Amino acid sequence: QVQLVESGGGLVQSGGSLRLSCAASGIDFSINAMTWYRQAPGKQRELVATITGSSSTNYADSVKGRFTISRDIAQNTVYLQMNKLKPEDTAVYYCYADIQRRNLRFDSWGQGTQVTVSS
């Protein structure tokens, strides 16, 4: 089992910045890709940003130019730098990892971290 632990959420004013972190821990694994999702009250969970093992990235249109996903492969950690935050970015942010352990492939979710942007 691989555990994901998120941190860095909080309350920020519109236009401000936050940096989320997601650290993966476990034994004998590697990460194929890591993704940040978010879910606002009453809405479906949506993809925010993805980074692959080769560090290719993909972003939702709503965050392009404002958010940056990066990873520290040695530390099995992914980051989400969020700038120019808007009230509509308010949501619980979840980390997701596509994991490889020898010939097994599985996934893991973090517990979520709340981001609240006040207007």
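**Entry 1. Secondary structure and overall shape**

I began with the secondary structure of this predicted model. The chain has zero helices and 11 strands. From the N terminus on, I read the elements as β-β-β-β-β-β-β-β-β-β-β. Next I looked up the radius of gyration. The chain comes out at 14 Å, close to the 14 Å of the globule rule for 119 residues, so it is as compact as a globular protein of that length. I also noted the extent of the C-alpha trace, about 45 × 25 × 25 Å along the principal axes.

Then I turned to burial and surface. Of the 119 residues, 45% count as buried. The accessible surface is about 6,400 Å². Carbon and sulfur atoms account for 46% of that surface. I looked at contacts between residues at least 6 apart in sequence, and 55% of these join residues at least 24 apart.

**Entry 2. The disulfide**

How many disulfides does the structure hold? I found one. Its partners are Cys 22 and Cys 95, with sulfur atoms 2.1 Å apart. I placed both ends on the strands. Cys 22 is in strand S3 (residues 18-25) and Cys 95 is in strand S9 (residues 91-101), so the pair ties together parts 73 residues apart in sequence.

Are the two cysteines buried or exposed? Cys 22 has 0% relative accessibility and counts as buried, because the cut-off for buried is under 20%. Cys 95 is also at 0% and counts as buried.

**Entry 3. Strand S1 against S3**

Glu 6 stands opposite Cys 22 in S3. S1 and S3 pair in the antiparallel sense, over five bridges. I then sorted strand S1 (residues 3-7) by face. Leu 4 and Glu 6 make up the covered face. Gln 3, Val 5 and Ser 7 make up the uncovered one.

I followed the chain into strand S4 (residues 30-39). Six bridges join S4 to strand S5 (residues 46-52), and the two run antiparallel. The hairpin of S4 and S5 has six residues between the strands. There, Gly 42 takes a positive phi near 75°.

S5 goes on to pair with strand S6 (residues 57-59), antiparallel, through three bridges. Here Ile 51 stands opposite Thr 57 in S6. This hairpin has four residues between its strands. Ser 55, in the turn, has a positive phi of about 70°.

**Entry 4. Positive phi in two loops**

I checked the loops for positive phi at residues other than glycine. Asp 28 has a positive phi of about 55° and is not a glycine. I located Asp 28 in the loop between S3 and S4. Asp 28 is partly exposed, at 38% relative accessible area. Asn 76, likewise not a glycine, has a positive phi of about 50°. I found Asn 76 in the loop between strand S7 (67-72) and strand S8 (77-82).

**Entry 5. Two threonines in S11**

I finished on strand S11 (residues 113-118), where Thr 113 has its place. Is Thr 113 buried or exposed? Thr 113 is buried, with a relative accessible area of 11%. Its side chain reaches the backbone nitrogen of Gly 9 at 3.3 Å. Leaving aside neighbours within four places in sequence, I listed the contacts of Thr 113: Glu 6, Gly 8, Gly 9, Leu 20, Ala 91, Val 92 and Tyr 93. Glu 6 was already in my notes as the residue opposite Cys 22.

Thr 116 is in strand S11 as well. At 29% relative accessibility, Thr 116 counts as partly exposed. What does Thr 116 touch, not counting residues up to four places away in sequence? I found Gly 10, Leu 11, Val 12 and Thr 90. The side chain of Thr 116 also makes a polar contact with the side chain of Gln 114, at 3.3 Å. I looked up one separation to close the entry.

How values were computed: Residues numbered from 1 in each chain as written. Predicted model: local features only at pLDDT ≥ 70, side-chain atom pairs only at ≥ 80, totals over all residues. Heavy atoms only, no water. Buried < 20%, exposed > 50% of the residue type's maximum accessible area, 1.4 Å probe, protein only. Polar contact = N/O pair within 3.5 Å; in protein donor to acceptor, adjacent residues only side chain to side chain. Contact = heavy atoms within 4.5 Å. Disulfide = S-S within 2.5 Å. Rg over C-alpha atoms; globule rule 2.2 N^0.38 Å. Areas by Shrake-Rupley, 256 points an atom, 1.4 Å probe, with all protein chains shown as cover. Pairing = 2+ DSSP bridges.
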